[in-house]
Amino acid sequence: MTEEKNILNISDDSGKGISVISERGEMLLRTYILKGKTIGISISESDNLSELGYGLPHLKDAVIEIARYILAAGGKLAYGGDMRQGGFTELIFDLLAYYKADKTLQPNERFYSYLAYPLSTTLSLQKQAELKHNVSFKKIAPPNDLQIANVNDFLKPDSSENLYVWTRCLTKMRNEMEADCNARIFIGGRTKGFKGKCGGILEELLIAIEQNHPIYLVGALGGMTKDVIEALKGNKPDSFSNEYYFDNEDYKKMFLLFNDKHPENTIDYPKYLAILQKIGLDKIAEQNGLSIEDNLRLTTTPHINEVVYLILKGLTKHFTN
């Protein structure tokens, strides 16, 4: 019986050579090093999570630990997701309920939850009132040209036209969220079954690259993040061809509709691949405060303590230099 890998240091990877903070000066330097900085977390369940020997609890463990240390360093969190019960947004709510860090921050200044239309309609007034002291909700209005009759009505993603609306609204939300962020962390991510022009991890990554923001890629939990890492290394994962997605007829219809309406900015996976291959991990390293070797380790390590260490190391170097 083979040993199951997980994010809690139980794996074939012994973690030998993991760096630790050894100097008091480095520890003091990190005290509130992220004060005034907003760190975006892009995370969703990977299609191949179980194949890698992980489960959803490991993904949740990862986001809790990363979020906790960002808060401890005085940082603020930003996340764009839905309000489903047991989802990642709710997970961060639970963390905020008992975890206090920088006392100069108002509680609702620690976490910004971005909601695109029509997902914004799922936030009830009761829930918003219940959480208003711990969370700042950012309901992003749909693009004006869509002329939504009633932004309080939920729009089902049950046609190519409605999926097109979802796509435009999600892109607007992701652009506005990234404008408020100073750095971005990527974990997991679906390659299929998403709502939007492409998977949320990929779209948010491309927007972060446009903004020249530091990016941290956690690869052990697979998904689109792992495919992005392979693209940055010069490889061509299957998820970077248009045809990969066309087994979903609804998405294919939306894809064709979107590209017909936006010939200047088409959905084009080979184009996204070319962008990432041109950038490479060396350009990611130039921005995020980590060496190429550290970035490579971040893309492979199954140890959550090392993931946290590397992310904090990069953020510290980036923002102090």
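Helix H6 is mostly covered in this predicted model: of its eleven residues, ten are buried. The buried residues are Gly200, Ile201, Leu202, Glu203, Glu204, Leu205, Leu206, Ile207, Ala208 and Ile209. The cover over them includes three helices, H5, H7 and H9, and it also includes strand E1 (38-44), strand E5 (183-188) and strand E6 (215-218). Just after H6, Asn212 has a positive phi of about 60 degrees.

**Helix packing around H7**

Helix H7 takes part in two of the packing contacts described here, one with H6 and one with H9. The table sets out their geometry.

| Helix pair | Angle | Distance between axes |
|---|---|---|
| H6 (residues 200-210) and H7 (residues 223-232) | about 50 degrees | 8 Å |
| H7 and H9 | about 85 degrees | 7 Å |

H6 and H7 are therefore oblique to each other. On the H6 side the contact is made by Ile201, Leu202 and Leu205, and on the H7 side by Met224, Thr225 and Val228. By class, the residues of this contact are five nonpolar and one polar, with no charged residue. Ile201, Leu202 and Leu205 are also among the buried residues of H6.

H7 and H9 are, by their angle, roughly perpendicular to each other. H7 contributes Val228, Ala231 and Leu232 to this contact. H9 contributes Leu273, Leu276, Gln277, Ile279, Gly280, Leu281 and Ile284. The contact of H7 with H9 has eight nonpolar and two polar residues, and no charged ones.

**Arg174 and Ser160 in helix H5**

Arg174 is located in helix H5 and counts as buried, with a relative accessibility of 8%. Leaving out neighbours within four places in sequence, Arg174 is in contact with Lys195, Cys198, Gly200, Glu203, Glu204 and Ile207. Among these, Gly200, Glu203, Glu204 and Ile207 are buried residues of H6. Arg174 and Ile207 lie 33 residues apart in sequence, with their C-alpha atoms 7.7 Å apart in space.

Ser160 is also in helix H5. It is buried, at a relative accessible area of 16%. Not counting residues up to four places away in sequence, Ser160 touches Lys253, Met254 and Leu257.

**Aromatic residues**

Across the whole structure there are ten aromatic pairs. In one of them, Tyr164 and Phe258 have ring centres 6.0 Å apart and planes at 55 degrees, so this pair is tilted. Tyr164 belongs to helix H5 (residues 160-180) and Phe258 to helix H8 (residues 249-261), so the pair ties together parts 94 residues apart in sequence. Tyr164 and Phe258 are both buried.

Tyr269 and Tyr272 form another aromatic pair, edge-to-face, with 5.6 Å from centre to centre and 80 degrees between the planes. Both residues lie in helix H9 (residues 269-288), three residues apart, which is about one turn of the helix. An α-helix has 3.6 residues a turn, so residues three or four places apart point the same way. Tyr269 is buried, with a relative accessible area of 0%, and Tyr272 is buried, with a relative accessible area of 5%.

Tyr269 and Tyr272 also belong to an aromatic cluster, together with Phe194, Tyr244, Tyr245, Phe246, Tyr251 and Phe255.

Two lysines are placed over tyrosine rings. Lys192 lies over the face of Tyr244, 4.3 Å from the ring centre, and Tyr244 is a member of the aromatic cluster. The charged end of Lys261 sits over the ring of Tyr164, at 5.3 Å from its centre. Tyr164 is the residue of H5 that pairs with Phe258 of H8.

**The protein as a whole**

The protein has eleven helices and six strands. It has 321 residues, and 53% of them count as buried. Among the contacts with a separation of 6 or more, 76% are between residues 24 or more positions apart.

How values were computed
Residues are numbered from 1 along each chain as its sequence is written. This is a predicted model: local features need pLDDT of at least 70, side-chain atom pairs count only at pLDDT 80 or more; totals for chains, interfaces and linings use all residues. Side-chain values use heavy atoms; hydrogens and water are left out. Axes are lines fitted to C-alpha atoms, for helices over the stretch in contact, and angles run from 0 to 180 degrees between N-to-C directions. Helices (H or I, at least four residues) and strands (E, at least two) are DSSP runs, numbered from the N terminus. Angles under 35 degrees count as roughly parallel, over 145 as roughly antiparallel, 65 to 115 as roughly perpendicular and the rest as oblique. Contact means heavy atoms within 4.5 Å. Ala, Val, Leu, Ile, Met, Phe, Trp, Tyr, Cys and Pro count as nonpolar, Asp, Glu, Lys and Arg as charged, and the others, Gly among them, as polar. Rings of Phe, Tyr and Trp (its six-membered ring) pair if their centres lie within 6.5 Å; planes under 30 degrees apart count as stacked, over 60 as edge-to-face and the rest as tilted. Buried means under 20% relative accessible area, exposed over 50%, partly exposed in between (1.4 Å probe, protein chains only). A charge sits over a ring if NZ of Lys or CZ of Arg is within 6 Å of the ring centre and within 35 degrees of the ring normal.
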